[in-house]
Amino acid sequence: MVHTSRLSGLRSLTVAERRTRLASAAGLDETVFDALDQHGLSVAAADHMIENAVGVMGVPVGVATNFTVNGHDVLVPMATEEPSVVAAASNAARIARVRGGFHTSSTGPVMQAQVQVVDVTDPESARLRVLEARDELVALANAQDPRLVEVGGGVRDLTVRTVRAFDETYVVAHLVVDVRDAMGANAVNTMAEAVAPRLAGIAGGRPVLRILTNKADLRLSRARAVLDTEALGGEAVATDMVHAYRLAAADPYRAATHNKGIMNGVSAVVLATGNDTRAVEAGAHSHAVDAEGRYTSLSTFERDTDGNVVATLELPTPVGLVGGATRTHPAAQAAVALTGVTDATALGELVTAVGLAQNIAAVRALAGEGIQRGHMSLHARNIAVTAGARGDEVDRVVAVLIQEKAIRQDRAEAVLDQLRGR
């Protein structure tokens, strides 16, 4: 369990010093970070994970601090190449901490698989026939994964829809499955494959698609934070944060970038813990489409009776702790250990809290000094390194670039030449 996530001054330490301090805060041995050396994955291990492997591509892994989730401090590993993401999440978590941090809740770890049946002459009657055979089909599906049933998971329901598409009406059955601590794709896909022939026979058609849906709207995580107005920067900033949210809620052009900011945090944690970023992203963006078919904001920002800003976020979170890269990738195992989470539900809630923190940071920056000030300051470090700066040269070059407001590689190279007396 994390002793504290309030670790000021972490960015000024060396990598080795950060590891020592983080390990101490998390109550872990420093060797937990060994998996992050050399990209965290050997080429030999990569060869067992995917086909035609030729190497390993590294992504920076940082740790966001200051997070309090449901009264417990949490250290959050984030895998991202984008400057400012880890710093922004940590800063927003510090602000949220003033009034208790993040509060989360969730539904059960439920995924769905679809079985599409075509060439059905009487689709409405077929829908009812399939529902009449519910118990038989549920038993057949559960027989495919007795271990899942043994640990308390398995099929919870069978629903059937008729879907009109072009000139045909399809019968589409959904297996609703509690997948416990797995992401669940393999489990539900296997079940769908097994029941498809029998289900299609009952419907009087033939099965085509037999696969999960990434619209994981029965596997939701929610996060909420109360943000003190003064901690945000004052009344003007708080007011304009709500205005910024309202535009995202009303305008899909703003919503796309607003939600991308959320996913900066979400995808970084999902990737660090070895989960499927594409599945989570697909589910999130489908969830952003409202009942009228409009793409809108995933989050909300409101004022409470005390004048605080209250930020909320609800997301589908198909993430797991068993199976896939989470169990085969050493760096993913280290990341999970650092968080201290022990089940997939808690991981989903943490992912959502980080997404909300990232959103808070972006909206606050937009409502205040603008997004470029902080982003470009951190981007200047990348420019300095690309120009060839090493060690303490990086900070010296960055200081000049920021002072001159010239975050360009040509200027970084010139400053570096001056420092080296060329």
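A crossing is left-handed if the near helix is turned anticlockwise from the far one by less than a right angle, and right-handed if clockwise. The model described here is predicted: local features need pLDDT of at least 70, side-chain atom pairs count only at pLDDT 80 or more, and totals for chains, interfaces and linings use all residues. Residues are numbered from 1 along each chain as its sequence is written, and side-chain values use heavy atoms, with hydrogens and water left out.

Helices (H or I, at least four residues) and strands (E, at least two) are DSSP runs, numbered from the N terminus. Axes are lines fitted to C-alpha atoms, for helices over the stretch in contact, and angles run from 0 to 180 degrees between N-to-C directions. Angles under 35 degrees count as roughly parallel, over 145 as roughly antiparallel, 65 to 115 as roughly perpendicular and the rest as oblique. Contact means heavy atoms within 4.5 Å. Ala, Val, Leu, Ile, Met, Phe, Trp, Tyr, Cys and Pro count as nonpolar, Asp, Glu, Lys and Arg as charged, and the others, Gly among them, as polar.

Helix α10 (residues 252-272) and helix α11 (residues 277-287) cross at roughly 150 degrees, and their axes come within 10 Å. The two helices are therefore roughly antiparallel to each other. Their crossing is right-handed. On the α10 side the contact is made by Asn-259, Met-263, Val-266, Ser-267, Val-270 and Leu-271; α11 supplies Thr-277, Val-280, Glu-281, Ala-284 and His-285. By class, these residues are 6 nonpolar, 4 polar and 1 charged.

Helix α5 (residues 134-142) and helix α7 (residues 185-203) have axes that come within 8 Å and cross at roughly 155 degrees. This pair, too, is therefore roughly antiparallel. The crossing of α5 and α7 is right-handed. Glu-136, Leu-137, Leu-140, Ala-141 and Asn-142 of α5 meet Met-191, Ala-194, Val-195, Arg-198, Leu-199 and Ile-202 of α7. The contact has 8 nonpolar, 1 polar and 2 charged residues.

Helix α3 (residues 85-97) packs on helix α14 (residues 344-367) at about 95 degrees, with the axes 8 Å apart. That makes α3 roughly perpendicular to α14. Val-85, Ala-88, Ala-89, Asn-91, Ala-92 and Ile-95 of α3 meet Ala-357, Gln-358, Ile-360, Ala-361 and Arg-364 of α14. The contact divides into 8 nonpolar, 2 polar and 1 charged.

On a 1 Å grid over the protein atoms alone, a cavity is a set of points where a 1.4 Å probe fits but cannot get out, and a pocket is an open set with protein on both sides within 12 Å along at least five of seven lines; lining residues have an atom within 4 Å of a point. A search of the whole structure finds 1 cavity of 30 Å³ or more. The largest cavity has a volume of about 70 Å³. Its lining includes Ser-106, Arg-219, Thr-317 and Ala-344. Both β8 (220-227) and α14 supply at least two lining residues; the largest share, 3 residues, comes from α14. The lining divides into 4 nonpolar, 7 polar and 1 charged.

The second largest pocket holds about 310 Å³ of space. It is lined by 15 residues, of which His-72, Val-74, Thr-339, Gly-340 and Val-341 lie nearest its centre. The elements giving two or more residues to this lining are β2 (72-79) and α14. The lining has 7 nonpolar, 6 polar and 2 charged residues.

Definitions and conventions: Grid points are joined across faces, edges and corners, and a volume is the space filled by probe spheres set on the points.
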